[in-house]
Amino acid sequence: EQYISLDTARMLKEASFDVPCRRHYTKSGSTWETVVPETNDESRDFTWFPCPTQALAARWLREVHKIHVSPDFNRKGWYYLIYDITNENRLDVSDSYKMSYEEALEAGLQEAIKLI
């Protein structure tokens, strides 16, 4: 499973992502893992960011915000589409191509979080 980037983790935290995760980022970008999944606890005396997999972040967007991120491919490369699943409207289409599915999904996740 591909984990999200630190930038995406910061964006998710700002968007109130609250799904328990085992992996976390520190402010400096290093990661650590816990035995028991934790949510971000604002009462701690340091800042950290949950680091879910891309699949978990995409599921959270679908279930909580009704936004679906869909990587796709054509002869130019990988790109993403973003949909509002409550009314089946397309909200965004990437304007650049990526080298991999994971890169397209990461870019789509970031753009979808901005729509919240």
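A crossing of two helices is left-handed if the near helix is turned anticlockwise from the far one by less than a right angle, and right-handed if clockwise. By that rule, α1 and α3 cross in a left-handed manner, and the crossing of α2 and α3 is left-handed. The model is a predicted one, in which local features need pLDDT of at least 70 and side-chain atom pairs count only at pLDDT 80 or more, while totals for chains, interfaces and linings use all residues. Residues are numbered from 1 along each chain as its sequence is written, and side-chain values use heavy atoms, with hydrogens and water left out.

**Helix α1 against helix α3**

- The axes of α1 and α3 come within 10 Å and cross at roughly 25°; axes are lines fitted to C-alpha atoms, for helices over the stretch in contact, and angles run from 0 to 180 degrees between N-to-C directions.
- The two helices, α1 and α3, are therefore roughly parallel, a term for angles under 35 degrees.
- Asp7, Thr8, Met11 and Leu12 of α1 meet Glu106, Leu109, Gln110, Ile113 and Lys114 of α3, where contact means heavy atoms within 4.5 Å.
- By class, this contact of α1 with α3 has 4 nonpolar, 2 polar and 3 charged residues; Ala, Val, Leu, Ile, Met, Phe, Trp, Tyr, Cys and Pro count as nonpolar, Asp, Glu, Lys and Arg as charged, and the others, Gly among them, as polar.

- Helix α1 spans residues 6-14, and its buried residues are Leu6, Thr8, Ala9, Met11 and Leu12; buried means under 20% relative accessible area (1.4 Å probe, protein chains only).
- The cover over these buried residues includes β1 (21-26), β3 (48-50), α2 and α3.

**Helix α2 against helix α3**

- Helix α2 (residues 54-65) packs on helix α3 (residues 101-115) at an angle of about 35°, with their axes 11 Å apart.
- On the α2 side, Gln54, Ala57, Ala58 and Leu61 take part, and they meet Glu102, Leu105, Glu106, Leu109, Ala112 and Ile113 in α3.
- The contact of α2 with α3 comprises 7 nonpolar, 1 polar and 2 charged residues.

**Serine 94**

- Serine 94 lies in the loop between β6 (89-93) and α3.
- Serine 94 counts as buried because its relative accessibility is 14%.
- The side chain of serine 94 reaches the backbone oxygen of serine 96 at 3.3 Å.
- Leaving aside residues up to four places away in sequence, serine 94 touches Tyr79 and Tyr80.

How values were computed:
Helix = DSSP H or I, 4+ residues; strand = E, 2+ residues; numbered from the N terminus. Buried < 20%, exposed > 50% of the residue type's maximum accessible area, 1.4 Å probe, protein only. Polar contact = N/O pair within 3.5 Å; in protein donor to acceptor, adjacent residues only side chain to side chain. Parallel < 35°, antiparallel > 145°, perpendicular 65-115°, else oblique.
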